[in-house]
Amino acid sequence: KKRDMMEVEGTVGGGGAGAAVGGPVELLPPNHTLYIQNISEKIKEPELKKKLKALFAAYGPIVQIVAMKSYSRRGQAFVVFDSVEVATSALELQSHELTEGKPMRINFARTKSDSIAKREGTYAPRPKRALPPKPTPPGGESESLKRSRDDAADGEPDASRMRMDPTGPPPMPPAGYNGGPPQGYGAPPEPHAAMPPQAPPTAEVPNKILFLTELPADVTEMMLRMLFEQFPGFKEVRLIPGRHDIAFVEYGNEAEAYEARAKLHGFQIKPDAPLSVSFAKK
């Protein structure tokens, strides 16, 4: 199941303003894979796969169904069909309700699934993504780093130390911003907004990795990806397990990261919840 999730990690479709439930869906280019959202979160993974298979099998052969299992990704799924034509026909199920009051939102996935790429001989393994180094807490070196250094000097780790140890709070968000105008949940800021978001401070050392703080509890990786991938050079969003309020966003270089930071710092991802975007510490 974990491998299935990895195979569609980069295939999310329906980005931009059209992804918000209730608005029109701007279809992406045709693909073997359909991305489905706004599914009832009460449907458990095994039952959801059965319902999707029963619903979509009438249109043609299904290669794979991947249902999002983690808490932050519930209500989303991918259905990979044997051909683009079958996937296109299945789009007519747009707004179909698996449960009452929850019309499905369907779009083509952004990229080809790994299962189709393997069949066509174009598959390339995805590179492993290295997490950025943890920031040093204000008090100096963390206790876990001190223990690691002591273990290295001893030549053998102490069994009592082999536990996860918190490294202190992350860097404080940039001071002095008032946030931007509420322009919808996760929607990009309008170019001629009456109250543009306040520009972030420029005293920080540039980095191609951005550090997000003060995120609302219900913000998901999918929502952040849709917001930040509209800027050139976007690579990935990385959430921190156990910390819903912070995340990292990586771009190809510092200039691309600077542009995204300048546009989205202070943007209200939800009413009364402005984004705090700074450069990650090197």
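Predicted model: local features only at pLDDT ≥ 70, side-chain atom pairs only at ≥ 80, totals over all residues.
Colleague: Which residues of helix H7 are buried?
Modeller: Ala257, Ala260, Arg261 and Leu264. Buried means under 20% relative accessible area, exposed is over 50%, and partly exposed falls in between, with a 1.4 Å probe and protein chains only.

Colleague: Where do they sit, seen down the axis of H7?
Modeller: They fall within an arc of 100 degrees, so they line one face of the helix. That arc is taken from the directions from the helix axis to the C-beta atoms.

Colleague: What happens at the start of H7?
Modeller: A side-chain oxygen of Asn253 comes to within 3.1 Å of the backbone nitrogen of Ala255.

Colleague: And what follows H7?
Modeller: Gly266, with a positive phi near 90 degrees.

Colleague: Switching to the sheet: what's the strand order?
Modeller: E8-E9-E7-E12, an open sheet of four strands with antiparallel pairing. Strands pair if DSSP finds at least two bridges between them. E8 (234-240) and E12 (276-279) are the edge strands, each pairing on one side only.

Colleague: How many bridges join E8 to E9?
Modeller: Six, and the two strands run antiparallel. Ile240 stands opposite Arg243 in E9.

Colleague: How many aromatic pairs are there in the whole structure?
Modeller: Five. Ring centres of Phe, Tyr or Trp (its six-membered ring) must lie within 6.5 Å; planes under 30 degrees apart are stacked, over 60 edge-to-face, the rest tilted. Phe234 and Tyr251 have centres 6.0 Å apart and planes at 75 degrees, so they're edge-to-face. Phe234 is in strand E8 and Tyr251 in strand E9, so the pair ties together parts 17 residues apart in sequence.

Colleague: Are Phe234 and Tyr251 buried or exposed?
Modeller: Both are buried. Tyr258 and Phe279 also form a pair, a stacked one, at 6.3 Å centre to centre with 20 degrees between the planes. It links helix H7, which holds Tyr258, with strand E12, which holds Phe279, 21 residues apart.

Terms used:
Residues numbered from 1 in each chain as written. Heavy atoms only, no water. Polar contact = N/O pair within 3.5 Å; in protein donor to acceptor, adjacent residues only side chain to side chain.
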